[in-house]
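Subject: Structure handover and notes

Dear colleague,

I am passing on the structure below, followed by an account of what was found in it. Please read the notes with the sequence and the coordinates open beside them.

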Amino acid sequence: MKINTAEFIISNSDASKCPKEPLPEYAFIGRSNVGKSSLINMLTNHKNLAKTSGRPGKTQLINHFKINSNWFLVDLPGYGYARVSKKTKDVFQQFITDYFEKREQLVCAFVLIDIRLEAQKIDLDFINYLGEIEVPFCLIFTKADKISRGKIDAHVAAYRKALLANNWEEMPQHFVTSSLESTGRDELLAFIDDVNAQ
Ligand code: GTP
Ligand code: MG
């Protein structure tokens, strides 16, 4: 799929104020700093469409980006960022869970996982939560440029093992990406194209 246009539409902290148009949308979620905003920029071929930072906690709101005038990419705040206050954290979590539980336009969540790390409880908990609320999701392993190519399969296999140990029957659909090297871009866009066509 070719990305012809990518425009920022709105940021907010209230799922009920997200765009009303009945267009399919894909949301990026995962731990702070895992590379959600960078991946949106990589997919859309824009350097600064979504704000990124080396410091965790950059994205704090629900951000809608309209692509090719007919679907949305949604950048979300990360979870697991210890430095935000407990109160901010609760508000964060409430509007994020509202988003996942109420957003009818959401056709697929992309859960981002840093490919270098062993499976983290917080990610497994979030994946289990998506299962419970029956939101379709895929896994995206990020920062693949940070490990040697030969190790990628072993990291993915280790993650699969962790999921199976967490009562998942199979590995969900997954992608390996690097925003630095545009790895995985064609595969992800082809996936979105397919889902949009359904
Ligand atoms: P929050 O908004 O804080 O939740 O973070 P985020 O998940 O949106 O992460 P962001 O895209 O801001 O990236 C965090 C840091 O990781 C930045 O320094 C990025 O340059 C870096 N980064 C993101 N993706 C990649 C990647 O594929 N490869 C490498 N090497 N660095 C990356
Ligand atoms: Mg971000």
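A residue is taken as near a molecule if its C-beta atom, placed from the backbone, lies within 6 Å of that molecule. There are 23 residues around ligand 1, of which Gly-35, Ser-38, Thr-52, Thr-59 and Gly-78 come nearest. Sorted by class, this shell holds four nonpolar, 14 polar and five charged residues, where Ala, Val, Leu, Ile, Met, Phe, Trp, Tyr, Cys and Pro count as nonpolar, Asp, Glu, Lys and Arg as charged, and the others, Gly among them, as polar. Helix H1 (residues 36-44) supplies the largest share of the shell, three residues; helices (H or I, at least four residues) and strands (E, at least two) are DSSP runs numbered from the N terminus.

As to provenance, this is a predicted model, in which local features need pLDDT of at least 70 and side-chain atom pairs count only at pLDDT 80 or more, while totals for chains, interfaces and linings use all residues. Residues are numbered from 1 along each chain as its sequence is written, and chains are lettered from A and ligands numbered from 1 in the order in which they are written.

The largest nonpolar core has 39 residues, and Ala-27, Phe-28, Val-111 and Ile-113 have the most contacts inside it. Such a core is a set of buried Ala, Val, Leu, Ile, Met, Phe, Trp, Tyr and Cys residues joined through C-beta atoms within 7 Å; buried means that 20 or more other C-beta atoms lie within 10 Å of a residue's own, exposed that 12 or fewer do, and partly exposed lies in between. Strand E5 (residues 106-114) gives the largest share of this core, six residues.

E5 also takes part in two pairings, for which DSSP must find at least two bridges between the strands. Strand E2 (residues 25-30) pairs with E5 in the parallel sense over six bridges, and Phe-28 has Phe-110 as its bridge partner there. Strand E6 (residues 137-142) likewise runs parallel to E5, joined to it by six bridges, with Asp-114 standing opposite Thr-142.

Two serines have a positive phi. Ser-69, with phi near 60 degrees, sits in the loop between strand E3 (62-67) and strand E4 (71-75), and it counts as exposed because it has 9 C-beta neighbours inside 10 Å. Ser-182, with phi of about 60 degrees, lies in the loop between strand E7 (174-176) and helix H5 (185-197), and its 12 C-beta neighbours inside 10 Å make Ser-182 exposed as well.

With best regards
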